[in-house]
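Let's take a walk through this structure together, one piece at a time. Keep the sequence and the 3D view open as you read.

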There are 2 protein chains.
Amino acid sequence: MVGTVVRGTIKTYKLLADGRQQIVGFLFPGDFVGSPTQDTHHVFAEALTPVELCVFPFSTVQRLIREMPSLEHRLLAIAHEDLDLAQDWMLLLGRKTAQERLATFLLLLVNKASIRGVVGGPLELPMNRGEIADYLGLTIETVSRQFSKLKKAGLIRIDDSHAVAIIHLDRLAEIAEGTA
Amino acid sequence: MVGTVVRGTIKTYKLLADGRQQIVGFLFPGDFVGSPTQDTHHVFAEALTPVELCVFPFSTVQRLIREMPSLEHRLLAIAHEDLDLAQDWMLLLGRKTAQERLATFLLLLVNKASIRGVVGGPLELPMNRGEIADYLGLTIETVSRQFSKLKKAGLIRIDDSHAVAIIHLDRLAEIAEGTA
DNA sequence: CGAGCGATTGAACGCTCTCAAAGTGAGTGG
DNA sequence: CCACTCACTTTGAGAGCGTTCAATCGCTCG
């Protein structure tokens, strides 16, 4: 199955036997979803909000590709973009501090929002603290503490736990890259 | 540029401004290398041993795809396999303990070796402890300590720092998945 | 108003890191 | 053949960042 998110937010994640969870991606409207190859993609997915999808079954995708080979070019380009993003996240999970992780996460959401044309007002966070923690390889408490730290430093304003305004994008970017 | 490794081992990695490094993959003979899409893949690569590659420039790949569309199918499948592996590694980096990480790493090498048909004798490690650390999101000292711990537990035998024999594959697998 | 859930904050613990020293092996030159 | 160097690895001791455990806060809903 292949498709895109039309409305809402989805998390995709991997699990260990004892329940430890690592979120490998948040999917927003416009994001590609699914695997165009036969093999099952070993990842779980769960909607964070009511979601509207536009998906095609595998057989239809195969037909569309035959009729329009440029589709496969596009799918290949998307797959490599996703791979690059996954490797960026490996750098985050393997080498960044808690503060750098949260800063990187907020910048990612800002970028994703601006791509969707959502520029005015505070950043919307469809996920809760636990899901942010499972994305950043941290615990809920550490995520919360880092939010508080960024707030106290005046870099962000927390309207409520699901809405954050970025006050100093440049300083946040420095933190995210470890150059602060 | 697109191609495969014929002989030798390559590491691919990402860097932070201050030099922190995350290795995102080790490439062995038979592994695919490069990006078939125009955009530059933002990753560094370095040979660990003398390496022999079989690569084609971008223009040639484009021509080959036109002549043989199944090539693009194959490239797409490879990209999605790599994405799945990258996400498995995100789970490792975000949620596994040092012991679990090393066990997972050793099993990965065993699998890669058996795919290449290298089954007899101890496992060859072309990389040093520092590179293993940069792959597992740990330090050299922690990697070394975990090797010693596995050795003391009788799960592996360390012939020299670049050659390890796996004694209890099953127990190692349990550790790797957190079910030990 | 009280229950319940998520988020925040505090305190103490522990896994991994940092700093330091000693061990090991390959390569070089006397 | 042995002494020396140098890089890599191992091991030890102590520190620190993030976790764990626990209490409190704040919001929503009945």
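The largest nonpolar core contains 62 residues, and those with the most contacts inside it are M90(A), L136(A), M90(B) and L136(B). A nonpolar core here means a set of buried Ala, Val, Leu, Ile, Met, Phe, Trp, Tyr and Cys residues joined through C-beta atoms within 7 Å. Buried, in turn, means that 20 or more other C-beta atoms lie within 10 Å of a residue's own; exposed means 12 or fewer, partly exposed is in between, and the C-beta atoms are placed from the backbone. Bear in mind that this is a predicted model, where local features need pLDDT of at least 70, side-chain atom pairs count only at pLDDT 80 or more, and totals for chains, interfaces and linings use all residues. As for labels, residues are numbered from 1 along each chain as its sequence is written, while chains are lettered from A and ligands numbered from 1 in the order in which they are written.

Start with L136(B). Leaving out neighbours within four places in sequence, L136(B) is in contact with R101(B), L102(B), F105(B) and V143(B); a contact means that the C-beta atoms of two residues, placed from the backbone, lie within 7 Å. Helices (H or I, at least four residues) and strands (E, at least two) are DSSP runs, numbered from the N terminus. Is F105(B) buried or exposed? F105(B) has 20 C-beta neighbours inside 10 Å, so it counts as buried. Besides L136(B), F105(B) touches I132(B) and Y135(B), again not counting residues up to four places away in sequence. M1(B) is 104 residues from F105(B) in sequence, and their C-alpha atoms are 28 Å apart in space.

Now for the strands of chain B. V5(B) belongs to strand 1 (residues 2-7), and V5(B) is buried because 20 other C-beta atoms lie within 10 Å. Setting aside residues within four places in sequence, V5(B) has contacts that include I10(B), L27(B), V33(B), V51(B) and L53(B). Strand 2 (residues 10-15) and strand 3 of chain B pair in the antiparallel sense over six bridges, where pairing requires that DSSP finds at least two bridges between two strands.

Strand 7 is joined to strand 9 (residues 163-166) by two bridges, and E124(B) has A163(B) as its bridge partner in strand 9.

Over in chain A, you'll find six helices and nine strands. I10(A) lies in strand 2 (residues 10-15) of chain A, and with 19 C-beta neighbours inside 10 Å it counts as partly exposed. Not counting residues up to four places away in sequence, I10(A) touches V5(A), L27(A) and V33(A), among others. Along its principal axes, the C-alpha trace of chain A spans about 55 × 40 × 30 Å. Buried residues make up 33% of the 180 residues in this chain.

So how do the two chains meet? Their contact takes 36 residues from chain A and 36 residues from chain B. On the side of chain A that touches chain B, strand 3 (21-27) and helix 2 (70-95) of chain A each supply at least two residues. The largest share, 18 residues, comes from helix 2 of chain A. Chain A can be laid on chain B with an RMSD of 0.0 Å by a turn of 180° and a shift of 0.0 Å along the axis, where copies are superposed by least squares on the C-alpha atoms of residues with pLDDT of at least 70 in both. The two copies are thus related as by a two-fold rotation axis. Finally, 100% of the interface residues of chain A are also interface residues in chain B, so the copies meet through the same surface.
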